[in-house]
Every structure is written in structure tokens, then in C-alpha cells.
Amino acid sequence: MDQLFLIKFLIPLFWAISFMFAPKNNERMIKVLALIGAVVTFAYSIKMFTDLPDPGVLSTLLKFEMPLFFNISYTFAMDGLSGLLLLLNAFLLLVVVVATWDIKTEKLRLYYFLIFLLTWAVNGSLLSTSLYGFYIFWEVMLIPLFILVGVFGGENRRYASFKFFMMTAAGSILMLASMCYMSALAYKINGSYDLTFEVIQSLNLKYDGFYSPQSLIFWTFTIAFFLKVPVFPFHSWLPDAHVEAPTAGSIILAGILLKLGIYGFLRFVIPVFPEAVEANRDIVLYLGAIGVIYGALTAWVQTDIKKLVAFSSISHMGYIIMGIFSQNEFAVKGAIFQMIAHGISTPGLFIGVHYLYTRRHTKKLDQYGGIAAVMPRFAILFFIITAGSMAVPMTCGFVGEFMIIMGTYEVNKVVAILAASGIILSPIYLLKMYHLTALGELVHEENKKLKDLSLLEAAPLLVLSILTIVLGLYPKWVMGLYDGTINFFITKGL
Amino acid sequence: MENLTFVQNVLIFLALNAVSLLCLNVNKIGKYCSFTFTLIAAITFFAMLFGSNSFAISDLFMLEGNKILLLKIVSVLNIFMILINGYYSLEKVKNSVLVSYMFLGGVFLLGANDLMTFYVAMETVALVGYALVATSGLENSREASVKYLIQGSVISVIFLLGVAFYLGATGSLTLVGATVVNQEFYAVALGIFILTTCFKLGAFPFHAWIADVYSNVTLGNLATNFFISKIIIGFKFITMMQILLLECDPHFQDILIRIIQVVAVMSAFYGNIMALVQGQFKRIIAYSSVAHTGYMLMMICLNPDEAYETQLISYLVIYSLTATGVILILNQFAELNKNQDSREILKGGFYRNKGLSIMLIVFVLSLAGIPLTSGFAMKYMLFTNFFREGFTIEATSILISSIIGLAYYIKFVSDLFAEEAEAKSLPTIKTRFSETLVHVIILVSIFTVGIAPSLFLGMK
């Protein structure tokens, strides 16, 4: 057990609080403070990951009794999967701080406070092995994102933030209902309200049809996670949230928050409700496949770049859902890889949109065209990221999607074939996006004066581009980190 | 000896409040005297309770265990309300005097062991309630008060009919240990008591008075109502019904519990839906209280138990405290906007007073049941109990209704961050020390209960 774990874990929270005491008018100091905080968070995340004795096993980082909180015990633990997502979370924090360095707002302290608070809450969710902890952090992370979108977002930010909050919180309440039910049951059996994996498994919830306890609990959790991922038809909040959110919100949302829904499935649904997963697998697989096609087709017809990227996210998340529910080792591995790949490419796309928007103040595709001529640095980096998102071979996006489709094919051929159409559709809408922004003639006069990316601006896109290619060429580098955990997610685990 | 002290203290309390009442309309000095006497009366009463474990006056009145605990809490809250009212303005001292009488009625209601004592105490609380509404000074206050009085009187008469049936069924008016000889009469009596409970707590479909009354009282009076009447009436009616249901024939018991569950679920849905579509925040609070009544009513279905009683007290106190916090902050916003009763006045509030807005955010998030706040601990405790007792469908339905509740609570937060540019041109909202102190106390209690709920809830 790491004695210093609690301090490390609380760093983002302390950093968030420190912004309250930063001098209001010293913008530079606040930004530097944020950068240092992001670097420290990233550094300790790497350290925590490298200190992990065996990524294939959940290693307890801290365990303590909470006699005052319903007398439960609380465990923070980490394995290859949670460690990888923890790293991604810290990495994206750094990316957010650098990519939005040019942000101009009077509420800079509030802005960074919310971002660091969000990072902390995500870390809390990832490291909690008790359902309580997971739920608490899961709910806590709604608040900073709600305020981030509601305060720093676009014109319709109030509507978007409200819709996001309501839809995800509705899912949480369903999850709470199941938690209360299981707690009551756990108390009868064990005399304790604790809800760790072991306890949930020991409840032996019966499965004998839709109305059996295991099935109903499975569906409450599934709807909660579907709303978070989001999976078609629970997706309607995402395009609104992405379009209205500030860039930081979009990056964190697409990069890590959506993955928490998937993580929830892997950690709390698949290992503990095996019969229900098996019985409802095809329904979820079809929903995933519909999401792939629906997201892609809707992205195709968008005229707003951010909305296009948002719908592409729905399509990509459809693949991941398929991958984890196919319960095929190859596909599950691919799905986890795709989580990381999507966490690299989509934030990259949002950063690209941010740079365009800060120069032209529009997200309309028809207002661009030919900007490769004036912004070559941007055009190259944006192309690599776009290629990663459209799953071009030798980029990170290809590996995950290929593995998912191959793995799913063994389980459900129709779903796999349907999903494969997404491979054709994604280049259509992403190339359309790239073509309409970077290629062709410089039609609009305003675009002729656009400045290319500065080195600071190019840095996050460059790092993401390098990762897109490196992970595409050598996926084993990442896969090796979570290989050992796979059995947990395709069998009863533990 | 203790019992004698109790009677003496009640007499002192009454005497001091009577003097206070006499001083009220003299002049400014009279108002100061009135405030002082009321405060002394409240403090003396609290001092008497401190360190005492039980009081009894024959079989008609008995205070012990959790009732004493609740009384101590309400006494402290009563002192707070007197201080706040006095600090706001001397004109509000009359509220404190009225509230003192309501408090005394509440004391007797809480200790009532017999239906006649219960009835008299209930009417005392209700009468002060009518007076509080009537003296609010708003345009339709008197009309609302009359409506409330008429509806309340009808219910009182119906309650008396229930008392008659109870007497017929048991041959006695005592609430504890009566032997039921006629189960049909007993069931009818309990049915009428349930109806009274629903009316007094404002459950659907007996909630009609709530919206009218809430929207026609000042926010200060509304806060008072939450502090005193909601807590005591809620506790007494719920625990009384729990005990009375135990003696009921299983067949009738089953029917009555079903009725309570249906009313509870419908109240939760109706209250939350209606609150969502309101534009006036007093009405939002009114309908949200209808929804919370739904949660409370479900507690009647639990078997009487010491631990459940402690949890009920915690729930009532924390809910009332948080709701009062919200009302007091809304009052501060309203005062700067000619007492306008509209959600509009919250717009841009964050840019006019950050501290106050953050408090309001925490309070409404607690009411919405977000983790790490007392609201979550209460919600979790309540629903786990319901599931434990096998009320799965009812508990799930009420939880689903709370999704709607989230919507109007979060709208408050959303409003606070709206219209930044306009808000900056408006004057900042200044807070008085007493208000800040009360808010901080509520804030601390929200987080304390949220982080360490077992200290207060006694989860068994």
C-alpha cells in the first residue's frame, strides 16, 4: 500500500482550491499555476502507474474503514485498465491547459477550478472499487462540467448544460435505486451496507427472465451507463453539450468522461451480472451497431464542425460498446484500445476546431476551405488526427475498430457487418470535414489572413499526432498494459 | 420534581410571551421589550429541557427519548428564528411571539398520549399558522388565511369524527396500549387519521392549501413554518400512525398501507411535476414540499423502531433546515427586487454575490440529493430502508419521481449563472452578519451530515 497515495490523490483537489486564493488580476500567474498543477498531476499519475506491481491484478492503494459513513470500508485500487485511464485523464488535463492557453475570461480562476475538480472526480471514480465511491465521484463530476458548460459555453449554453445534467443525473438515480436495493440485501446477508465487487457477487442475484432482480439491476446500470457513453437512443445530450461547451469541456468530455460509462460496464456490470449480460448481449450489440451507423450518417450531414465531431463520437462509442459486449477476448481488447485511441483523436479534433474558431469565430464548414495554404502546420497535424479518427491503417483508430469488428464477427455476424459499414462512412464524413476546411481554393477573403499555429499551439496537436501514429504502428505498447485484466471483463472475474 | 419543573416552565413561557404580546403594540421600546421577553422565554425553556430525559403529566402527556431530542433541536431552532426575526426588523417581532405559541402547541402535540390532548395541541399549532398567514401583509394573505382556516376546520371536524370511531373501537382515547374491540371501526378511524395526516403534511390530493398559503406568506414566515410546524407535525403524525397501524387487523392494515403508498407515490410525482412548471419560487417550494411529503408518508409503512425514529428526526430536521436556508437566501434576493416572487430575480445572482450564490447552490444540491451533502445521506438512508422492508416498487417509483425534482433544483443553479452582463450593472447583494451566520451553520450541517451521516442517522 502506498502511504502517500492519499496526498497524491488529493493533489488535483488541492490545486483546484488553490485557484480560489490566486490573485484575481494576475492572469499569467493563474495560467502558470494551472500548468504546474497539470504537470504535477501527470507526473504522479505516471509514477503511480509505473509503481503498479502487476497491471493484471487490482492492487489496493488505500483501504480504510468509514464508521461514520454508513459503516462501510472504502478501497482505492488500480489495475492496468484504471491506471491507463488515469494516465489519459492526467494527460488530457495537461493538453487542456496548453491548448486553451489563449483563453480570455474574467473568470479564469473559476475556469481552472472546475477543470481540476473534474479531473479529481474522474480519478476518484476510476480508483474506487466500491460502488459507493464510484457513485459519489460519478455524481460529483456532473457539477463542475455543468457549470463549465453553463458559464463558459456558447450561446445556448444554459439549455445544453441543463440537458446534459438532467439526462446523466436521471441515469444516476436509476443506479442509486439499484444501489439502495443491493445495500438492503447486503445488510440482510452480511450485516453491512458495503458494496464492493465481492459483496455484489456474493448477493447471488437471481436471473430468470426480465423481471428477475439481476436483470432489472442490470438494466438500471446499463441505462445509466448508456446515458453517459452515450449509446443510441440515449445520445441526444452529447451534440448539444459538445457544441455549446468550451474547448476544455469538449476535450475532457470526449476524451475521458464518455469512457467512464464504458469503464462502469467493465468494472461493475460485466463481472457481476454475467447471466443478464449474456441474455441481453444481442440487444446491446445491435444498439451499438445502430449507434455506429446513426452517428456516422448524422455526422455526414452536419454543417457545424463541432457537431460533426460530436456525432462522430457517438459512432465511435458504438464500436466500443459492441466490443465489450461481444465478450470475445479479441474484441474486448480492441474496445479498450479504442477507448484510448478515441481519447487521443477526438480531443485532437476539438483542439483543431478551437484553433479555427479562435481565428474565424465560426464553426460553419462553409466558412472555411483552402486554409492549408495559409496554415500548413495546422493542416498537417489536423490531417494526422483526422486520419486517426477515421481509422486509417497505421493509426491508432484502425487497430481498435479492426479488432472490435473481427471479434464481434465471431459472436454476431450481422452486427459485425452492420458496424463494418461505419468504416466506410467515417472517411466520408471526416474527409468531407477535412476537405471543406483545409483543401480547395481559399474562397473567403477573411481566411487569406489567417495565421498558422504558433509553436505553443502546435505542441498539443503534435503530441497527439505522434501518439496517433505510434499507437497505430505499435499498439502492443498500450495493450500490454491491460492485457492481464482482460479475463476480468469477459468471465465472471475475481 | 421534574414534572413540576416542566409545568412551571410552561407557565413561565406563557407568562413571558403574554407580556411580550402586550408590549408589542406600545411603541418602539415596547417592541424591544417584546423581543427580549420572547427570547428569554425561549432560552429558559431550552435550559429546562437541557439535561432532562423525560416529562410526564398523568397519562395524557409524556415526553421521553427521541421526543425530548426533537424538542431540544426545535427549541434551538426557535431561538434562532427569534433572533433572525428580531435582527431583520422590529416589525417582525410579532412573528416571533406567534411562533412561540406555535412552538408551545408543538410541545404538547409531541407529548400528546391521548387523542384529546392531541387535538387541542394540533389546533393550537394550526390557529397560529392561520394567524401567521393572515398577518403576512401581502396582497392576498388574508384571503389565503381564510381559505386555509376553512379547509383546516373541515379537516378538524373530520378528525373529530375519526376520534369518535376510535373511541367506539377501543373504548378509550389513549394512543398507546388501547385494546381494539371493533376492527371495522378502528380501520375507519385510522382511515380518517391518514386523511388528516395527508392534509396536515400537504400530501396529494389534500395539498390544495399549500400552494395558496405558501405564495401568500412572506418568506420569513415560510421559513418559520418549516422550522417549527413541519418538523413537529411530521414527526408526530408519522410515529403515531406507525403505532396505531400495529393494532390493526392484518387485512385492514394491508389496505391502509396500500392507500398510504399510493398517496405517497402520487404526492412525489405530482409535487415534483407541479414544481417543475412553476415560475414563482414560493410555489416551487410549496410543490417541492408536497413531493417531500410523499417520501415522508412512506415512512408510516415502516415498523415503529427507535432507529427509524432517529432517522425520521434527522430527515425532518435536515430537510427543514436546508429548505429554510433556501428560503432565507431567496428572501435576500427578493428584498432587493421589491419582494418579487419570481425565479427571474435569481438571474445573474452569482455575479452579484458569489458567497451567497455558492451557499444557495449547495443548499439546492443537497435538496436534490447530490452525494457528500446531507440530502444524499437522507435519500440513501430512506430508500435503503424502504427496500429493506420490501417496498421495492414504491421506492423505485419515488426515486424516479425525484429525477423531475432534480430539474427544478438545477434550474436554480442555472439561473444564478445566467445574464452575466445585465447582472454586473445591478447592485451587489449585501448580506447581514446574522444571515451569513445562519447560512454558514446550515452549510456546515449539510456537509457534516453528508460526510458523517452515521453520527446522526443511527443506521442499524
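A:Val399 is found in helix H16 (residues 396–411) of chain A. Helices (H or I, at least four residues) and strands (E, at least two) are DSSP runs, numbered from the N terminus. This is a predicted model: local features need pLDDT of at least 70, side-chain atom pairs count only at pLDDT 80 or more, and totals for chains, interfaces and linings use all residues. Residues are numbered from 1 along each chain as its sequence is written, while chains are lettered from A and ligands numbered from 1 in the order in which they are written.

**Around A:Val399**
- A:Val399 is buried, with 26 other C-beta atoms within 10 Å.
- A residue is buried if 20 or more other C-beta atoms lie within 10 Å of its own, exposed if 12 or fewer, and partly exposed in between; C-beta atoms are placed from the backbone.
- Leaving aside neighbours within four places in sequence, A:Val399 is in contact with A:Phe337, A:Ala341, A:Gly472 and A:Pro475.
- Two residues are in contact if their C-beta atoms, placed from the backbone, lie within 7 Å.
- A:Gly388 is eleven residues from A:Val399 in sequence, and their C-alpha atoms are 9.9 Å apart.

**Helices H6 and H7 of chain A**
- Helix H6 (residues 142–152) of chain A is mostly covered, with ten of its eleven residues buried.
- Among them are A:Leu142, A:Pro144, A:Phe146 and A:Phe152.
- Within chain A, the buried residues of H6(A) pack against helix H4 (108–127), helix H5 (131–140), H7, H10 and H11.
- These residues of H6(A) also pack against helix H16 (392–416) of chain B.
- Helix H7 (residues 157–190) of chain A has 34 residues and reaches 47 Å from its first C-alpha to its last.
- That is close to the 50 Å expected at 1.5 Å a residue, where the expected span is 1.5 Å times one less than the number of residues.
- Of the 34 residues of H7(A), 26 are buried, so this helix is largely enclosed by the rest of the structure.

**Domains of chain A**
- Chain A is assigned domain 1 (1–269) and domain 2 (276–494); such bounds come from an automatic or database domain assignment.
- Their C-alpha centres lie 22 Å apart.
- In chain A, 42 residues of domain 1 are in contact with 42 residues of domain 2.
- On the side of domain 1 of chain A that touches domain 2 of chain A, H11(A) gives the largest share, twelve residues.
- By class, that side of domain 1 of chain A has 27 nonpolar, ten polar and five charged residues.
- Ala, Val, Leu, Ile, Met, Phe, Trp, Tyr, Cys and Pro count as nonpolar, Asp, Glu, Lys and Arg as charged, and the others, Gly among them, as polar.

**Chain B**
- Chain B has 19 helices and two strands.
- A compact globule of 460 residues would have a radius of gyration near 23 Å; chain B has 21 Å, which agrees.
- The radius is taken over C-alpha atoms, and the globule rule is 2.2 Å times the number of residues to the power 0.38.
- The C-alpha trace of chain B spans about 70 × 55 × 45 Å along its principal axes.
- Of the 460 residues of chain B, 56% count as buried.
- Chain B is divided into domain 1 (1–96) and domain 2 (136–457), with C-alpha centres 24 Å apart.

**Where the chains meet**
- 26 residues of chain B are in contact with 27 residues of chain A.
- H16(B) supplies the largest share of the side of chain B that touches chain A, ten residues.
- That side of chain B has 19 nonpolar, six polar and one charged residues.
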